[in-house]
Each structure stands twice: as structure tokens, then as C-alpha cells.
Amino acid sequence: MLVLVALAALPVISLTGPQDRTRYELTRHLVLEHTLTVESGLFDRAVFDGRSYSDKAPGMSFLAVPAFELERALGVAKAPREWKPEGDLSLWGMRVLTSGLLFLVSVFVVGRLAELLVEGAGALTAATFGAATLAEPIAPTFFEHDAAATFAIAAFACAWLGRSRWAVVAAGLCAGTAVLFQYAAGLVALVLLVYCGRRAGWFALGLIPPAVALGVYDRIAFGSPFHLSYRYVANPFAERQHHGFFGIGVPTLGGLREVLVGNRGLVVFSPVLVAAAVGLWLLYRRGERREALVAIAVTILFVLLDAGYFLPYGGGSPGPRFLVPALPFLMLGLPLALERFPVPTLVLAFASAVLMTVDAVTWGVRRFDDTSWIPSRSDISNSAWTWIVPNRNVGAALVLACSLLAVGAGATAWRRR
């Protein structure tokens, strides 16, 4: 299943963009110049004391250091000015070795948790999460959301299934590490802190190392361990970013509509998530109330956070990407929906695989302000499949075939149950 999901999600090579450059430049400057500063001409940057820094959470840039060193050893590492705009293989390799690998870990964890909830449902749940949700198109990018999702769901797994105090410490460590990739993952840490109850002290102990690491980074870069990079954003959206809490205000009905059913809304491309939401209610009714409440709380908090942000899709992206860390939690409802409503759930899973794959192979070459529901035939990204097939259209067809095969293999495993 992991191989099929990898073949479905990872081959897409999106265009290079500002999100890549700001993270990659921090990685490159760390390795080559041993500094946290970046080039001053970047679109996405933070400016403090006259120097430019990445305006993103530092986790992805630090995670990419081994991959960059590997590409240096192989002689294929490049400076951003050398990237091919239509999609660079060197950059794609970095994306796959960071976000891509952690994405596969999250697919595995989601599948194992689903199997514990309903025997036989793990493979289909893993396939649906990996090939039919927003986690798929985010995987082969330098966006941090899949990485944060991996550590967030790993934290929940440790807190839920761990029987020793050290498992709870590991849960805190994973939750804190998720924050190093996406600051909003602090919401997951808060929910899990409450979930741990009398073991909350051990969970908090695990939070300390990532908190110290982030504090040291912020102290060196921005003069204080309590000053996040978003405080010093210096791109064209800086004025709006400084309103509210780093650009996040009170959620609005318009924001909710955009997040859920906008032109790239969550439910538009992944209708199977409706079944997963119903499944969380079934999980609560079945008796796993505390776990169901954690999943529900995390999902609602991230939806509201994205609905309150001034740019719900975050510019050029396949959808409301900021809520991706909540998707593994939401998917824990799918096994219960599959058990109660097998045929509708399977239909929605296959439909979502088709719709999300179309989004995955087109969003990277569409303008971020393109509001059309259906992309044109020319809006197809390059893919790694084009090494062995004649053109990008055939490559996109292979991506779709692997997505359907993954969901089909999961459905077959369910039928065998």
C-alpha cells in the first residue's frame, strides 16, 4: 500500500516558487555559510535588524540539511537561480526526501490506527488518506504541513496507545516537533495536553526539547526566544499578516465557505471526508469518547483557524493547506463509516481519489488566483514518470492509475475481511 501511495503522490513535479526558495535558502546558508540569514531579494522573508531570514517555521529547512548534503555529494545540488522554472529535478529530490518521506510515515500511522479501530479497514484508510485527501498534493512539495501532520498524529498515537510514562514523553516530543514545522500545530499540543490528564506532566516534559530548540533559533535570528518569524514578515502581504494573530482573525462564514466548498475547498476535492466526519461521531457513540473528542477538537480548531486567516489557501496551493495537520485525526473516523456505510464510503473514496489527483497534477501550474472549478487541459504538471513515458499527460494518467490502484487494493482488503 505504501508503494502504491508513493507512486501516486510523490512523482508530481510542481513549479518552483517563493515557498521553496525561502526554505531552501535557509538550508543552503546553514550548510555553506553556517548562518541563519538568507538572500535579501526573496519574496517570502522576514527582516530583522537589517538582515533577511526565512519567514517560515524552521523545521523543514533543518530537516532538508541531510538531503542537501546528499545532493552536494552527488553533484546535483543547485542554487535557486539555477532551478528550471517548470519544475526542477534537484528540488523535487529535496522535496521527496523531506516532506515525501514523512508523508509516507503518516500514511502508515493512520493505517495502523485505523486497523486497531476496525479490523480490515487499515489498508483502505491509509490509501484514502494518502491518495484522496489534501495530504497527497502537499507531499512532493516544500510545504511543511505533511511533516507537521506526521508528528502530530504520531504524538496522538503515543499518548493513546502508550502504557508507560516514556510513551507519554515521546508524545510530547512529537507534538513539540510538529510545532517546529508549523506553528499552528501548537493547537494539537494543547488538545493532547488536556487529553493526557494526570499524565500531562510527562507530556509537558517531552515538549521541552523542541521548545528550547525553537527558542534558541528565535533568539539567534530575532533577538528573543519569544519572537516568531511571522512577527517580521516583509513580503507584499505583510500588512495583513500583522493584523489579528499573525493574520488570523475571527472566523467568518465566507472563510468557512472558502475552506470547505470554495473552488479548491476541502470537501470539493475530498468528499470522502464527509464520511470520515460521520465516522468520528460513530466512534464517539461506540465508546472511545475521549479519542473521538480529540480528533473532533483538532479538526474543528484547524478549520476555524484557516477560516479566520486572510488567505485561506495560502496563495498558490492545492487547497486550504494550513489544516492538513488535522487530516490524519479526521481520517480516524473513516473505519467506522466504512463499517456502518460500506458502499457509500467506498464510492466517496474512489471519487475523492479521482478529484484529488486532478488537483494534484494541475494546481502547481495554475495561477494562485485562478478561480475556475475545472482546470484546462494545458494545466498539467510535469512528473517523474516522464523519464519513462512520452509526455506529461501520460505521466498524469499514471499518477491517477496509481491512486485508483491504491484505493482499489484497500477496498479489496476490506472485502476479504
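Let's start at D49, which counts as exposed because its relative accessibility is 56%. Here, buried means under 20% relative accessible area, exposed over 50%, and partly exposed in between, using a 1.4 Å probe and protein chains only. D49 lies in the loop between β2 and β3 (51-53). Helices (H or I, at least four residues) and strands (E, at least two) are DSSP runs, numbered from the N terminus. D49 is not a glycine, yet its phi is positive, about 55°. Most residues other than glycine have a negative phi.

H34 also has a positive phi of about 55° without being a glycine. H34 sits in the loop between α2 and β2 (46-48). With a relative accessible area of 69%, H34 is exposed.

Residues are numbered from 1 along each chain as its sequence is written, and side-chain values use heavy atoms, with hydrogens and water left out.

The score pLDDT is the predictor's confidence in each residue, from 0 to 100. The protein averages 91, and 95% of the residues score at least 70. Where pLDDT is low, the predicted coordinates should not be read in detail.

## The nonpolar cores

A nonpolar core is a set of buried Ala, Val, Leu, Ile, Met, Phe, Trp, Tyr and Cys residues joined through side-chain atoms within 4.5 Å. Which residues touch the most other members of the largest nonpolar core? They are F103, F156 and F329, in a core of 85 residues. Apart from this core lies another, of 21 residues, with M60, A147, L214 and V233 among them. In soluble globular proteins, nonpolar side chains tend to be buried together.

Take F329 as an example. Contact means heavy atoms within 4.5 Å. Setting aside neighbours within four places in sequence, F329 is in contact with A152, I153, F156, V188, L280, V294, A295 and V298.

## A helix mostly hidden

Helix α6 (residues 122-132) is largely enclosed by the rest of the structure, because ten of its eleven residues are buried. The buried residues of α6 include G122, L124, T125 and F129.

## A pocket and a cavity

On a 1 Å grid over the protein atoms alone, a cavity is a set of points where a 1.4 Å probe fits but cannot get out, and a pocket is an open set with protein on both sides within 12 Å along at least five of seven lines; lining residues have an atom within 4 Å of a point. Grid points are joined across faces, edges and corners, and a volume is the space filled by probe spheres set on the points. The second largest pocket has a volume of about 250 Å³. Helices α14 (266-269), α15 (272-286) and α16 (289-308) each supply at least two residues of its lining. That lining has eleven nonpolar residues, one polar and no charged. Ala, Val, Leu, Ile, Met, Phe, Trp, Tyr, Cys and Pro count as nonpolar, Asp, Glu, Lys and Arg as charged, and the others, Gly among them, as polar.

How many cavities of 30 Å³ or more are found in the whole structure? The search finds one. The largest cavity holds about 40 Å³ of space, and its lining is made up of L266, T299, F302, V303, L323, A326, L327 and L330. The largest share of this lining, three residues, comes from α16.

Is D359 buried or exposed? D359 is buried, because its relative accessibility is 0%. D359 is found in helix α19 (residues 342-362), and beyond its neighbours within four places in sequence it is in contact with F269 and P318.

R28, in helix α2 (residues 18-33), is also buried, with a relative accessible area of 13%. Leaving aside neighbours within four places in sequence, the contacts of R28 include E33, E39 and F68.

How values were computed:
Predicted model: local features only at pLDDT ≥ 70, side-chain atom pairs only at ≥ 80, totals over all residues.
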